[in-house]
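Okay, thanks for coming, everyone. Let me put the model on the screen, and then we'll walk through a few spots in it.

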Amino acid sequence: MVGFGVLGTVEVRVGDQVLSAGHARQQCVLAALLVDAGRLVTTDQLAERVWGERQPQRARAALHSYVSRLRRIVARAGDTAVERHGGGYVLRVDAAAVDLHRFRDLNTRARAADDAHAVALYDEALALWRGEPLGAVESAWADELRAGLRHERLVAETERNDRALRQGRHEHLLTELTARAAEYPLDERLAAQLILALYRSGRAAEALDAYQRVRRQVVEELGIDPGEPLQRLYQRILARDTTLTVPRRPEAVAPAVTRAARQLPPTVRHLIGRDDELAYLDARLETLKDGSGCGSGSALVITITGGGGVGKTTLAQSWARRVGEHFPDGQLHLDLRGFGPGESPLPAAEALHGLLDSLGVGPDRLPAATDDRTALLRSLTENRRLLVVLDNAHDTAQVRPLLPGGGECLVLVTSRRQLPGLIVHHQAQHLALDTLAPQAARDLVVGRLSETRAAADPQALDDLVAHCGGLPLALAIVAARVLTNPAMPLRSLLDELRDQHTGLQALSVDEGPDSDLVATFSWSYRALTPPAARMFRLLALHPGPDIVLPAVASLAAETCAAARALLEELADASLLQRSGTDRYRLHDLLRAYAGTRLTADEPAAPRRAAELRLLDHYLHTARAADRLLDEHRDPIAVLPPRPGTHIAAPTTHDEAVAWFTAEHAALVAAVSQAADAGCNDHAWRLAWTLTTHLQRRGSWDEWRHIQRTALHAALQVGQHDALAHSRHGLALACAWTGRYDEARALLDQAMESYALTADRAGQAHTQRALSWVSQKQGRHPEALTHAVATLRHYTAAGFLPGRASALNVIGWCQSLLGRHRQARTACRRAVELFQQVGNRTGQAYSWDSLAHAHLGLGEHGDAITCYRNALNLFRALDDRHQQAETLVGLGEALCSVGDHAQGHASYRDALHLLEELGHQDADRVRDRLLAADDHH
């Protein structure tokens, strides 16, 4: 048995042997390490603890010598060592082997235990004290630590005394209380404990004398009267208050019930979509029945948590009714009113009154004090098999006094909060309830309608179900609206729900607040702290399905740490779901409710400022990420972000790809949001930053949509650079979706706008795009003309990556015209220039073009090598469309040299990518693959 002590002399024990820890200075070093066992104590901290301000000249050398000796001592204690780390030392030791840490752990456990167990734990903790802490160690740090430890001991003793007095152990405490009260004559809590113990021991006169002594001391030394609690105790003793007498032992109170209570309320006949949850609860019941799920005297507690309207109560009550027969001593139900219309949560004393009444305890035998009621409840349930449903709990503190004591009892607790305290201190099992899966949601609605009604407009029915997002209360209200309005077409109800101003009001029936979705949401909202409530309503401004921490911090102009704390409060209240590290998800109906609170509770000016900070976050972060996707793309000018905005700029290409992928939906929606809000500069600039991402992702239809929005915003701005960039961006998106004539017209307009601003690089970009459109339209000589013009503009602009790009386009056009030798020369030079400037995007395209030239010259081996170089780069860039195009060329080259197996594999990989992208070229590749298979 190994042990280390500081609650007395500083010592090291191995079995029955106490090892010498050296002289006082060395003991101080050991104590300093033991106090922070497992944590780094720097050399400076050690010196300060040993010598304070009067450190010797060779303090570090002395410390090194002390530690070396201590290493040899603690090495005899088994798995213990003093390790050197950086600028200090760490004592590696099991915390339970150090009396100080064991003392603190026992106190923590005692505070979470019932009275009987708590007294035992406190006594065990106090028994660890062997005398004056730190023994003979002398230093300013040691003196300060001693004082703190004495206070910790006093707190533990007074807490133990309170628990022991409730257990009727007053006579056992009298000797110790008398000594401690003399040692701390001004401590009114100790005085009250001594006075109560004397009174309960039949020594009322001595109790009154003790009060007068304390009163005189307090008046003389502090100049004030004793506090109200001590004065009230004195008055109650004078009045012979019978409630001050010894509390009756709960074990002595026999239950008066003759018939078990059956209090479970009626619920739904058929519970839909909760098979997995019911199986989970069934499995927990089995652990209770075979005794493996809980310890002696501990009820099995299961928490069911989730947002308002998700069906927690329905699940709890339905399952409770299913398994009620396993609890012959009763099934109790109590609404704790944690969240509701204008009511405060049910106080513990009142809740205990209800439970005890259900167990047959009449008013004449009901204890007055809450703790005594809890003790009686646990006593009465000790040997019973009870099922207790505590519905709608506000927090852990409300539930803990209501837990029965019997190991064969089961408690179901439902709450909108997560209740981690029950998990930590009572080993509660946790079931987080989510919304219903789409098919289950549809089954819930259809199951309540007639077949004719459900089949009248299946698409409208599906849209109604989808609008409810799997929220059972919303689905039930929709079904009720349909049933009670047989003449209303489903499409009319759908239109009502979709109305952005009144849609949520449609999700209510006139049967009280529990049938009103807005009221249900409002109970959770009203329970939030003001900062969290503001955060919740600001989330209505966020455009995406997932909410990421830096964006939210920008919304609220908070630090990321403060924003995370507020989001965690919302998640704990089930108004938000965690969906990853620093990512959260808001249910669509909750988002709509947040929008109503935003309009009602947030003034217009702060609301506008929050929206601008959010758009700044996305614009500046996307601009930084875009530069990592395409190293030499010309940046556009943007204004600095507003104060309070957080920029989550990636630092690598892979991080940029991951950020764009994760934020894709939010970014696309943010362009429309900016335009709708009149933030036109944000709209066209944000669309511009998404070009590379959307093109490589293959999201061409989305790209075209947001570029149309961007062009409309640019027209509102009316500046030539905005118009030029937006027309150029829309032209590219149109070209990628096969709208070549529209793309050409837009590019001609973009060229005019770039010319008006003397933007040679912009003109070059446009000429390059015109060359590409001409290629797609089969106008190869014209494409070469535009390519040559591209080279001229890039050269005039002094833009080396642009020159390389122009050479690649020229080479490609030459190859299309059958001039493969000229193409090979131009493309090789393009590869060299792109390698020189470190542009991977340009290298990938140029290798692909060079492969095409080699293929035209019959140089199949060189073509295969070039295609593979291009493919590796396109994969690294996550450009799926160009991977497919390159795979097609590689497949052709491989088949040309007789490697049909690898060639067909390349065709299949290309087809798979194009089918994923929904690209029209998939049919072309499919035909080529079929032809290749037939030929082979």
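For the cut-off, I call it a salt bridge when a side-chain nitrogen of Lys or Arg is within 4 Å of a carboxyl oxygen of Asp or Glu. And both R274 and E277 are buried, buried being under 20% relative accessible area, exposed over 50%, and partly exposed in between, with a 1.4 Å probe and protein chains only.

Quick housekeeping before I go on. This is a predicted model, so local features need pLDDT of at least 70 and side-chain atom pairs count only at pLDDT 80 or more, while totals for chains, interfaces and linings use all residues. Residues are numbered from 1 along each chain as its sequence is written, and side-chain values use heavy atoms, with hydrogens and water left out.

Back to charges. By that rule the count comes to 52 salt bridges. One of them is R166 with D371, where the closest N and O atoms are 3.0 Å apart. R166 sits in helix α6 (140-166) and D371 in helix α14 (370-380), so this pair ties together parts that are 205 residues apart in sequence. When I say helix or strand, I mean DSSP runs, H or I of at least four residues for helices and E of at least two for strands, numbered from the N terminus. R166 is partly exposed at 28% relative accessible area, and D371 is partly exposed too, at 37%.

Now a local one: R597 and D601 make a salt bridge at 3.1 Å, N to O. Those two are four residues apart in helix α26 (588-601), so about one helical turn separates them. In general, an α-helix has 3.6 residues a turn, so residues three or four places apart point the same way. R597 is partly exposed, at 22% relative accessible area, and D601 is partly exposed at 30%. There's also a network, where salt bridges that share partners join E11, R13, D99 and R130.

Okay, strands. There's an open sheet of six, in the order β7-β9-β10-β11-β8-β12, with parallel pairing. For pairing, DSSP has to find at least two bridges between two strands. The edges are β7 (261-262) and β12 (429-432), each of which pairs on one side only.

Let me zoom in on β11. Strand β10 (387-393) runs parallel to β11 (410-415), and five bridges join them; L390, for instance, has V413 as its bridge partner in β11. Strand β8 (300-305) also pairs with β11 in the parallel sense, over six bridges, and there I302 stands opposite L412.

Strand β5 (81-85) pairs with β6 in the antiparallel sense over five bridges, and the two form a hairpin with two residues between them. Have a look at G86 in that turn, with a positive phi of about 55 degrees. Strand β4 (41-42) runs antiparallel to β6, joined by two bridges. Y89 of β6 is the bridge partner of V41 and also of R84.

Over to the helices. In α17 (438-446), the buried residues are A440, A441, L444 and V445. They cover an arc of only 135 degrees around the axis, which puts them on the same side of α17; the arc is taken over directions from the helix axis to the C-beta atoms. Their cover includes α19 (458-467) and α20 (472-484).

Further along, Q883 in helix α41 (880-896) is buried, at 10% relative accessible area. Leaving out residues up to four places away in sequence, Q883 touches L871, F874, R875, D878 and L913, where contact means heavy atoms within 4.5 Å.
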